[in-house]
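Hello,

Here is the structure I said I would pass on. Please look at it first, then read the notes below.

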Amino acid sequence: MAGSNTNPSKCSKKLVVGIAGGIAAYKSAMLVSKLVQDGHNVSVVLSQGATKFVGPATFAALTGKAPVIDPFDPRFPLGPHIELAVNCDLFILAPATARVIAGCALGLANDLLTTLYLNLECPVVMAPAMSGPMWEKPAVVRNVEQLRADGVHIVGPENGWLSCRRIGPGRMSEPLSIIEACKPFLE
Ligand SMILES: Cc1cc2nc3c(=O)[nH]c(=O)nc-3n(C[C@H](O)[C@H](O)[C@H](O)COP(=O)(O)O)c2cc1C
């Protein structure tokens, strides 16, 4: 049934999963699917960058609702950054790209993900993903530290194979690890 994506036999939380434009976005389909199977009501927000890596049809099918991409989406007359935040139990950003991390750390509100982030009143879990040199760049280190200080829960990244054909830090945590990190907020 469209719009009703919860498994009625399980405890349902209202979750928003933000997906930014990194290669790890393909893993977020598994993350979203698992969260839906666990009984949660999941809405997906795709950044413009994310749409280069994964398609809206995937997330529409997985969640039963078209993902939100446009900050002026007419389904949300008050604005999706307002309506998605109402009664939201947890916001998960995976992958969290360097750009969206910077936007959230600085409070830029210059796209839907960063504007929604500013309007959220629930816990936030971010799973960064980027190349090793990006992850170690002082600007990124500063921004991640700022987010930690602001109360954001950072999961990973892990060391491993990166799409730039190197092994190093920056690989997004696996979906099950992200869900494990979210457990305190899902019970
Ligand atoms: C093939 C490819 C892979 C990329 N992977 C990443 C990544 O893993 N992490 C990241 O921060 N940026 C990555 N980028 C750069 C982002 O896509 C770029 O900064 C984009 O503006 C981010 O979009 P968004 O933050 O609006 O989603 C990648 C770019 C390309 C072309």
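A crossing of two helices is called left-handed if the near helix is turned anticlockwise from the far one by less than a right angle, and right-handed if clockwise. By that rule, the crossing of α4 and α5 is right-handed. Bear in mind that this is a predicted model.

The pair α4 and α5

The axes of α4 and α5 cross at roughly 35° and come within 9 Å. On the α4 side the contact is made by Val100, Gly103 and Cys104, and on the α5 side by Leu113, Thr114 and Tyr117. Sorted by class, the residues of this contact are 4 nonpolar and 2 polar, with no charged ones.

More on α4

Which residues of α4 are buried? They are Ala98, Val100, Ile101, Gly103, Cys104 and Ala105. Besides α5 (112-119), these buried residues pack against β3 (90-96), β4 (124-128), α6 (132-136) and α7 (138-149). After α4 comes Gly107, which has a positive phi, near 65°.

The ligand

Helix α4, residues 98-106, also matters for the ligand count: with 3 residues, α4 gives the most to the shell around the ligand. There are 16 residues around the ligand, and those that come nearest are Gly21, Gly22, Ser47, Gly49 and Thr97. The shell divides into 9 nonpolar, 6 polar and 1 charged residues.

The pair α1 and α2

The crossing of α1 and α2 is right-handed. Where they meet, α1 supplies Ala29, Val32, Ser33 and Val36, and α2 supplies Thr58, Phe59, Leu62 and Thr63. The contact of α1 with α2 has 5 nonpolar residues, 3 polar ones and no charged ones.

Cis peptide bonds

Ala94 and Pro95 are joined by a cis peptide bond, with omega about -5°. Pro95 is in strand β3. Another cis peptide bond joins Gly156 and Pro157, and here omega is about 0°. Pro157 sits in the loop between β5 (153-154) and β6 (158-162).

Positive phi outside glycine

Asn87 is not a glycine, yet its phi is positive, near 60°. Asn87 lies in the loop between α3 (80-83) and β3. Is Asn87 buried or exposed? Asn87 counts as exposed, because it has 11 C-beta neighbours inside 10 Å, and the cut-off for exposed is 12 or fewer.

Ala109 is a residue other than glycine with a positive phi, near 55°. The place of Ala109 is the loop between α4 and α5. Ala109 has 17 other C-beta atoms within 10 Å, so Ala109 is partly exposed; a buried residue would need 20 or more.

That is what I have for now.

Regards

Note on methods: Residues are numbered from 1 along each chain as its sequence is written. This is a predicted model: local features need pLDDT of at least 70, side-chain atom pairs count only at pLDDT 80 or more; totals for chains, interfaces and linings use all residues. A residue is near a molecule or strand if its C-beta atom, placed from the backbone, lies within 6 Å of it. Helices (H or I, at least four residues) and strands (E, at least two) are DSSP runs, numbered from the N terminus. Ala, Val, Leu, Ile, Met, Phe, Trp, Tyr, Cys and Pro count as nonpolar, Asp, Glu, Lys and Arg as charged, and the others, Gly among them, as polar. Two residues are in contact if their C-beta atoms, placed from the backbone, lie within 7 Å. Axes are lines fitted to C-alpha atoms, for helices over the stretch in contact, and angles run from 0 to 180 degrees between N-to-C directions.
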